[in-house]
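Here's a quick briefing to read alongside the sequence and the 3D view. Take a look at the picture, then work through the points below.

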Amino acid sequence: MTTNVSGGDSSAPTSSSSEGTDHSDKSDKSDSSDKSDAKTYTIEVSNAHVDIPEGTTNVVVNGSNNHIEGHDVTEITVNGSANAIAVDSVNKVSFTGSNNSVQYENGNAPQTGSDSGANNAVTKG
């Protein structure tokens, strides 16, 4: 089982619902985004297989050596290294880490926001 874990351990019960709804007080605010309903999913773990929850619009990857899968997302920001990310579609991808790959299945090639890392790739699968 893999989880988003953007904000702590699971030892402190905060709610009885584990249906993928993240009620943590992390910075879910999408600064000046037109989409006030943007849902950000932050991945802090490393060396894991992570499934992006349905309905997520923004993904932030801080961990490394992960295999990440998801559906349609708006934006992916990869700060870690050596992550393999496969999604149905994505509009924008940004990298600060290195040796990452993002593969999308449908739609047009995503815009590359920034790539300050090395050896990052975005490919259509």
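Let's start with Thr 56, which sits in the loop between E2 and strand E3 (58-61). Keep in mind that this is a predicted model. From that loop we'll move to another loop residue, then to the nonpolar core, and finally to the whole chain.

**Thr 56 and its surroundings**

- Is Thr 56 buried or exposed? Its relative accessible area is 7%, and the cut-off for buried is under 20%, so Thr 56 counts as buried.
- The side chain of Thr 56 reaches over to the backbone oxygen of Pro 53, at 2.8 Å.
- Which residues does Thr 56 touch, if you skip those up to four places away in sequence? They are Lys 39, Tyr 41, Asp 72 and Val 73.

**Ala 48, in another loop**

- You'll find Ala 48 in the loop between strand E1 (40-43) and strand E2 (49-51).
- Ala 48 has 18% relative accessibility; buried means under 20%, so this residue counts as buried too.
- Ala 48 and Ser 64 are 16 residues apart along the chain, and their C-alpha atoms are separated by 8.6 Å.

**The largest nonpolar core**

- The largest nonpolar core has 18 residues, and the members touching the most other members are Ile 76, Ile 85, Val 87 and Val 90.
- Who supplies this core? At least two residues each come from E1, E3, strand E4 (67-78), strand E5 (84-95) and strand E6 (101-104).
- E5 gives the largest share of the core, with five residues.
- Now zoom in on Val 87: leaving out residues up to four places away in sequence, it touches Ile 52, Gly 70, His 71, Val 73, Ile 76, Gln 103, Tyr 104 and Glu 105.

**The whole protein**

- How many helices and strands are there? The protein has zero helices and eight strands.
- Read from the N terminus on, the elements go β-β-β-β-β-β-β-β.
- The protein has 125 residues, and 32% of them count as buried.
- Take the contacts between residues at least 6 apart in sequence: 10% of these join residues at least 24 apart.

Terms used. Residues are numbered from 1 along each chain as its sequence is written. This is a predicted model: local features need pLDDT of at least 70, side-chain atom pairs count only at pLDDT 80 or more; totals for chains, interfaces and linings use all residues. Side-chain values use heavy atoms; hydrogens and water are left out. Helices (H or I, at least four residues) and strands (E, at least two) are DSSP runs, numbered from the N terminus. Buried means under 20% relative accessible area, exposed over 50%, partly exposed in between (1.4 Å probe, protein chains only). A polar contact is a pair of N or O atoms within 3.5 Å; within protein, one must be able to donate a hydrogen and the other to accept it, and residues adjacent in sequence count only if both atoms are side-chain atoms. Contact means heavy atoms within 4.5 Å. A nonpolar core is a set of buried Ala, Val, Leu, Ile, Met, Phe, Trp, Tyr and Cys residues joined through side-chain atoms within 4.5 Å.
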